[in-house]
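Thank you all for coming.

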Amino acid sequence: MIPKSSITLLDPIQTHYYQPGLTLVGAGLMNLKQNRRNQKDLIPSGVKWIEERVTSFDPQNNSVKTESGTKLDYDYMVICTGLEIRLDMIEGLEDSIKDDSCPVSTIYLPKYAEKTHRLLTTIEKGNFLFSFPNTPIKCAGAPQKICYIADDILRRGVRPSTSLHYFTRLPRIFGVEKYANELMKVVKDRDINLHTRHS
Ligand SMILES: Cc1cc2nc3c(=O)[nH]c(=O)nc-3n(C[C@H](O)[C@H](O)[C@H](O)COP(=O)(O)OP(=O)(O)OC[C@H]3O[C@@H](n4cnc5c(N)ncnc54)[C@H](O)[C@@H]3O)c2cc1C
C-alpha cells in the first residue's frame with residue numbers, strides 16, 4: 001500500500017459482470033447468476049467508492065464533476081470508461097435482439113448471453129452468422145470463440161443440417177499473421193465459411 005495516499009473510485013454501476021465469462025454463458029458452461037457480483041464486494045478495502053457518473057473533467061485545475069454536481073479534486077486521475085455498446089446504431093438490431101422469438105442475439109451484453117445459448121441449443125437447421133463488426137469492440141476474440149463453441153454444440157446433433165458463417169471486416173481471420181495461420185486450419189477443419197472485408 002502506498003503511504004499517505006487515498007483512492008476514490010467513481011462508477012455508478014452496482015452490478016459487476018465478468019465480461020470474458022459471457023462467452024461461457026453463451027456456451028452454457030456458466031449461467032448469468034454465476035457471472036454476476038455486487039460491485040461493492042470487489043472494491044478493495046481502503047478505496048472510497050462514489051456511485052456516480054463523471055460528467056466533466058477540468059484537468060487544468062485537477063478536478064472532476066459528478067452528475068450530482070459534486071466537484072472532486074485529485075492529484076492523479078486514471079480514466080477507464082470502457083466502451084458503450086450501441087445496438088441502436090444498426091437499424092432494427094435492438095428490437096430483434098430484445099424479441100425472444102427472433103433468432104438474433106449477442107454475448108456482448110449480459111442480458112442476452114443466455115438467449116444466445118438458448119438459440120444455439122434449439123435451432124435445428126439453417127445458417128448461423130457470426131460477426132466481427134466494423135467498429136471498436138471489447139474483445140476481438142469473442143466473435144470467433146462463440147462461433148467455435150456454436151460448432152461444438154451443433155456437432156452434438158444438428159450440425160449436418162446447419163452451416164456456419166463468420167464475417168469479419170478484417171482482410172484475414174485475425175490481425176496477427178501467426179495466429180491467423182493457425183485459425184485458418186481451425187475454420188477449415190470445422191467447416192466454417194469465412195467472409196473477410198465484410199461489414
Ligand atoms: C463477450 C466478451 C468476451 C470477452 N472476453 C475476453 C477475454 O477472453 N479476455 C480478455 O482479456 N478480455 C475479454 N473481454 C474484454 C474485457 O472484458 C474488457 O476488455 C474489459 O471489461 C474492459 O474493461 P474496462 O474497465 O476498460 O471497461 P468496462 O468493463 O466497460 O468498465 C468501464 C466502467 O466505466 C464506467 N463508466 C463509464 N462511463 C463512466 C463515467 N462517465 N463516470 C463513471 N464511470 C463510468 C462503467 O460504468 C463501467 O463500470 C471480453 C469482453 C466481452 C464483452
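In which sense do strand S9 and S10 pair, and over how many bridges? Before I answer, please keep in mind that this is a predicted model, in which local features need pLDDT of at least 70 and side-chain atom pairs count only at pLDDT 80 or more, while totals for chains, interfaces and linings use all residues. Residues are numbered from 1 along each chain as its sequence is written, and side-chain values use heavy atoms, with hydrogens and water left out.

To the question, then: strand S9, residues 162-168, pairs with S10 in the parallel sense, over four bridges. By pairing I mean that DSSP finds at least two bridges between two strands, and the elements themselves are DSSP runs numbered from the N terminus, helices being H or I with at least four residues and strands E with at least two. Within this pair, Leu164 stands opposite Ile192 in S10.

These two strands belong to an open sheet of three, in the order S8-S9-S10, with parallel pairing. Its edge strands, each pairing on one side only, are S8 (126-132) and S10 (192-195), and from one strand to the next the twist averages 20°. Helix H6, residues 142-154, packs on the sheet and touches S8, S9 and S10, and its direction makes about 175° with that of S9. Here contact means heavy atoms within 4.5 Å, and axes are lines fitted to C-alpha atoms, for helices over the stretch in contact, with angles running from 0 to 180 degrees between N-to-C directions.

Elsewhere, strand S5 (residues 54-58) and strand S6 (residues 63-66) pair in the antiparallel sense over four bridges, with Ser56 opposite Lys65 in S6. They form a hairpin with four residues between them, and Asn62 in the turn has a positive phi of about 50°. S6 is also joined by three bridges to the antiparallel strand S7, residues 71-73, and in that hairpin Gly69 takes a positive phi near 95°.

A polar side-chain atom of Lys145 lies 2.6 Å from a ligand oxygen atom, and an N or O atom in the side chain of Gln19 is 2.7 Å from an oxygen atom of the ligand. The protein covers 67% of the 1,000 Å² of accessible area that the ligand has on its own, as computed by the Shrake-Rupley method with a 1.4 Å probe.

Notes: A polar contact is a pair of N or O atoms within 3.5 Å; within protein, one must be able to donate a hydrogen and the other to accept it, and residues adjacent in sequence count only if both atoms are side-chain atoms.
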